[in-house]
Amino acid sequence: MEETIAFESDQMVHPHLRSHSATTTPFCVSCSWSLLVKIKTGFSSLRGSPPELYKAYFLKFLDSYSYFSLSIIFTLFLSSDFGFSDVEAGTIYGAWGALITIYGLITGVIVDNLGVAKSLKVGFLLSLVARTALFFTTSKNILLFNILVTLPMGNCLGIPVLTTGIRRYTDEASRGFAFGLFYVVMNVAALLSGPVVDILTILYKGEEPDQETLNFELPKYMIREFGENVAKGSIYAINPALIIILVPIFTAATTDQDPLTVIHFGTYISAASVFCLVLSTSIGACIAFVTLLSIGEAIWSPRLYDYTMSICEEGREGTYMALSSAPLFLAKLPVGFLSGYLLSRYCPEEGERQSQTMWLIIGSLTITSPILLTVFWGYVSKKDPRSNVDAETEILHTRYSDLGTSNP
């Protein structure tokens with residue numbers, strides 16, 4: 001009897017629903033298989049790449065680990081150890097980022113002439129000197145000199161030069177995926193830096209890590225709204241974790257798409273993420289914000305490297321990478337100051353808070369970027385009619401010339 005009822009129930013299902021169910025599963029399987037094939041093809045395209053490519057990935061990991069480890073504790077270090085206020089610490093943090101761009105523009109021509117290997121050696125040496133000085137110094141003057149001179153000078157000789165190396169050690173077919181993997185390596189370093197800082201904080205000071213490992217606006221906002229025990233470290237870790245997972249998928253899926261179109265789409269998703277915190281002051285809103293931000297970032301950020309390298313002139317990669325990084329690092333100066341002001345004005349440690357207003361201001365400023373890109377799309381997306389038919393030959397020539405003369 002039960003079998004009869006089950007049979008009759010199955011027969012009563014609308015024919016369209018049965019057809020839809022029957023076709024949806026094969027379609028999903030087909031899409032998943034196609035995506036896996038693209039990812040496999042992406043990794044396969046890197047076969048035969050010179051050893052220098054993998055050395056560049058390793059150096060990117062080390063450089064990113066150092067950068068993110070410092071960034072996590074930077075403003076708190078300035079405030080707790082040297083007595084700087086929120087606004088002062090934010091301004092110094094912003095100045096550090098802005099100077100990376102300024103020095104990068106100054107040294108871009110030098111990088112193009114000095115070469116990848118020598119530029120990296122000088123940059124990493126300066127970074128080592130600066131970080132060692134920051135560890136030992138108790139002087140504000142020495143601190144500020146290294147933050148504003150030595151460290152950004154070392155940074156500007158590392159970040160764009162490594163990107164130039166990726167271009168020179170790949171070809172056109174593998175370059176898009178190679179830059180996506182380059183971005184994944186950076187975020188693996190970011191993911192690992194947080195827990196290591198937490199452990200070292202406990203061992204060194206014997207305090208709870210959540211009281212020490214502050215980045216800037218979001219962590220301070222979460223502490224002031226939800227208390228010192230809020231799991232901000234875990235929420236922060238959502239970003240690099242999703243980047244590691246999503247970047248290879250999105251990069252493989254959009255390899256055939258124009259980089260600028262992908263960037264345009266991704267920036268809208270990232271910008272929209274801020275409004276999660278406008279709608280609600282809750283842990284769930286924070287998780288939604290970081291998740292949506294990470295999805296957008298995974299879509300657009302790796303393709304920015306690809307786009308920059310696709311339009312730059314051969315032999316001038318250092319200058320072009322410095323220019324492409326300029327908006328990101330130059331924005332840190334006003335953003336650092338503005339973040340400190342907005343926190344003290346709308347989300348103070350004590351007193352009435354208007355955090356949703358603060359995030360509305362931030363969201364309104366953030367959304368202007370993709371909107372302006374849409375407004376000026378006709379101009380921004382215009383292709384240069386001048387094309388160099390021998391560009392790929394020149395790149396390969398440079399690549400294999402470097403293999404015989406220097407290592408990054």
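Helices α3 and α6 are roughly antiparallel to each other. The model is predicted. In it, α3 spans residues 51-82 and α6 spans residues 140-156. Their packing angle is about 155°, and angles over 145 degrees count as roughly antiparallel. The two axes lie 12 Å apart. The crossing of α3 and α6 is left-handed.

The α3 side of this contact is formed by L70, F74, F77, L78 and F82. On α6, these residues meet K140, L143, I147 and L151. By class, the contact of α3 with α6 comprises 8 nonpolar residues and 1 charged residue. No polar residue takes part.

Helix α6 also packs against α4, which covers residues 86-114. Here the angle is about 45°, and the axes are 8 Å apart. That angle makes α4 oblique to α6. The crossing of α4 and α6 is right-handed.

From α4, the contact draws on I92, A95, W96, L99, I100, Y103, G104 and T107. Their partners in α6 are L144, I147, L148, V149, L151, P152, M153, N155 and C156. This contact of α4 with α6 counts 14 nonpolar and 3 polar residues. Charged residues are absent from it.

Two α6 residues link the two contacts. I147 and L151 meet α3, and I147 and L151 also meet α4. K140 and L143 are among the α6 residues that meet α3, whereas P152 and M153 are among those that meet α4.

Definitions and conventions. Residues are numbered from 1 along each chain as its sequence is written. This is a predicted model: local features need pLDDT of at least 70, side-chain atom pairs count only at pLDDT 80 or more; totals for chains, interfaces and linings use all residues. Side-chain values use heavy atoms; hydrogens and water are left out. Axes are lines fitted to C-alpha atoms, for helices over the stretch in contact, and angles run from 0 to 180 degrees between N-to-C directions. Helices (H or I, at least four residues) and strands (E, at least two) are DSSP runs, numbered from the N terminus. Angles under 35 degrees count as roughly parallel, over 145 as roughly antiparallel, 65 to 115 as roughly perpendicular and the rest as oblique. A crossing is left-handed if the near helix is turned anticlockwise from the far one by less than a right angle, and right-handed if clockwise. Contact means heavy atoms within 4.5 Å. Ala, Val, Leu, Ile, Met, Phe, Trp, Tyr, Cys and Pro count as nonpolar, Asp, Glu, Lys and Arg as charged, and the others, Gly among them, as polar.
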